[in-house]
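Dear colleague,

Please find below the structure we discussed. My notes on a few places in it follow.

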Amino acid sequence: MEKKKVVIIGGGITGLATAYYLQKEIKEKGLPVEVKLFEASNRFGGVINTVKKDGFIIEKGPDSILARKASALKLIKEVGLEDKVVANTAGKSYIYARGKIHSMPEGAFMGIPTQVTPFALSGLFSPLGKLRAAGDFILPKGKEKADQSLGEFFRRRLGDEIVDNLIDPLLSGIYAGDIDRLSLMSLFPMFYHMEQKHRSLVLGLKKTMPTPPKSAKKEPSKKGMFISLSTGLESLIDEIVKRLDEGTVSKGTPVEKIVKEQNHYTITLANGTVEQADSVVIATEHFHAQKMLSDYPFMKKFEEMASFSVANVAMAFPKSAIKQDIEGTGFLVSRNSDFRITACTWTHKKWPGTTPKDMALLRSYVGKPNDQAAVDLSDDEIINIALRDLNKTMNITEKPLFHVVTRWKKAMPQYNVGHIERMKSVKESLTKELPGVFLAGGSYEGVGIPDCIDQGEAAVKKVLEFLG
């Protein structure tokens, strides 16, 4: 029987998970299918990138995985890294707003109160802001809508202060976007349905969230809701690559064009080589996918889709250099503040295993939607911005022992209002005009590591169904 060929484009976590699970299915079922993966850069892993220096473990990209999403832990176990899983320390987190640091109010779910008292006592909001937030209890439910921005939705329910000082900093830490443009139905459709069913978001959350048992008071858990690997997240990438058959993956091999022939696809590489495939999984950013499929007008829809840049700077210090320390794991920054950083993680407290004893590791981010130029500043300028802002809340008396500045260009795809319709339209056109070509990755249906793995697994099912 003639072998079918599947080409995967992109060697980030999505493409590698696709290759891993596809190869697994091929071996378990004895399928006559060959797999090839092409990565344009000189390394695998995409935004997952770990640096080890002087006893520090520094994540240049994401530093954690949401534990409740099972797909990442499943893959970690499959590649033999279960004994390296660590949970973050569940310390206090803060928000800088109204000129100072405030504790995150207890009982907040994505910034929405589930307990009234902590919000009533919080200095994050003015008395008028608190009164406006209480409007959620009496306001009618919104009109039915196909989509709306997160900002529009939450401002209507809770008012500007809750959005600007709490919800926006929380969501910006995940999506690095403009809350007044990001799509509610793409990112948090459950809140829309909650409002439609329960009218009040606060009451809806109280009814739908599990109530902790009243018997025997438990000690608060010291474990947080995120996991990582004691060897760094890039070790997951290394272990997946090790398990792929020799000759499966190629790095430093950009793909320039994909064209449908009669019963197969011709894939032109940047070095002039031409590959043929029966099915293709494009596990790259949307703008790369659009360029590779530039012969097909329906892909122009992705030209409307923004993708923001972000930079982070990790700085190592002796603990003694931080004179005015704050007990907690980090802070987010309100959009109304004069800070240019958007957040700071006290990595040595959140992930103690990353940092040698008596040392501190701080990781700050720059690159707000309205301050994209910050990403292109020199290392020294980014460090100075970070230190200037950090010293508004702390007292750091020395220059860092060393720093690692990372610039992620166009790495944060924006699921703005209309994203669901755009994806539906593109998928329908792919099915009709390019059967056997599938999209997977952070630009499409979820940006987190587990979301990308889920999309890789879904792509494997679609490929095998298509190949029959």
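The axes of helix 1 and helix 15 approach to within 8 Å and cross at roughly 40°. That angle makes helix 1 oblique to helix 15, and the crossing is right-handed. On the helix 1 side, the contact is made by Ile13, Thr14, Ala17, Thr18, Tyr21, Leu22 and Glu25. On the helix 15 side, Ile449, Cys452, Ile453, Gly456, Glu457, Ala459, Val460 and Leu464 take part. By type, the residues of this contact are 10 nonpolar, 3 polar and 2 charged. Please keep in mind that the model is predicted.

Helix 2 spans residues 70-78, and its buried residues are Ser71, Ala72, Leu75 and Ile76. These four lie on the same side of helix 2, because the arc they cover around the axis is only 135°. An α-helix has 3.6 residues a turn, so residues three or four places apart point the same way. The buried residues of helix 2 pack against both helix 1 (13-29) and helix 15 (449-467). Their other partners are helix 10 (234-243), strand 5 (65-66), strand 6 (85-89) and strand 11 (223-229). Just after helix 2 comes Gly80, with a positive phi of about 80°.

The last item is Asn49, in the loop between strand 2 (33-38) and strand 3 (50-53). Asn49 counts as buried because its relative accessibility is 12%, and the cut-off for buried is under 20%. Beyond its neighbours within four places in sequence, Asn49 contacts Arg43, Ile58, Glu59, Lys60, Gly61, Glu234 and Trp408.

Regards

Notes. Residues numbered from 1 in each chain as written. Predicted model: local features only at pLDDT ≥ 70, side-chain atom pairs only at ≥ 80, totals over all residues. Heavy atoms only, no water. Buried < 20%, exposed > 50% of the residue type's maximum accessible area, 1.4 Å probe, protein only. Helix = DSSP H or I, 4+ residues; strand = E, 2+ residues; numbered from the N terminus. Arc of directions from axis to C-beta. Contact = heavy atoms within 4.5 Å. Axes fitted to C-alpha atoms, helices over the stretch in contact; angles between N-to-C directions. Parallel < 35°, antiparallel > 145°, perpendicular 65-115°, else oblique. Left-handed = near helix turned anticlockwise from the far one by under 90°. Nonpolar A, V, L, I, M, F, W, Y, C, P; charged D, E, K, R; others polar.
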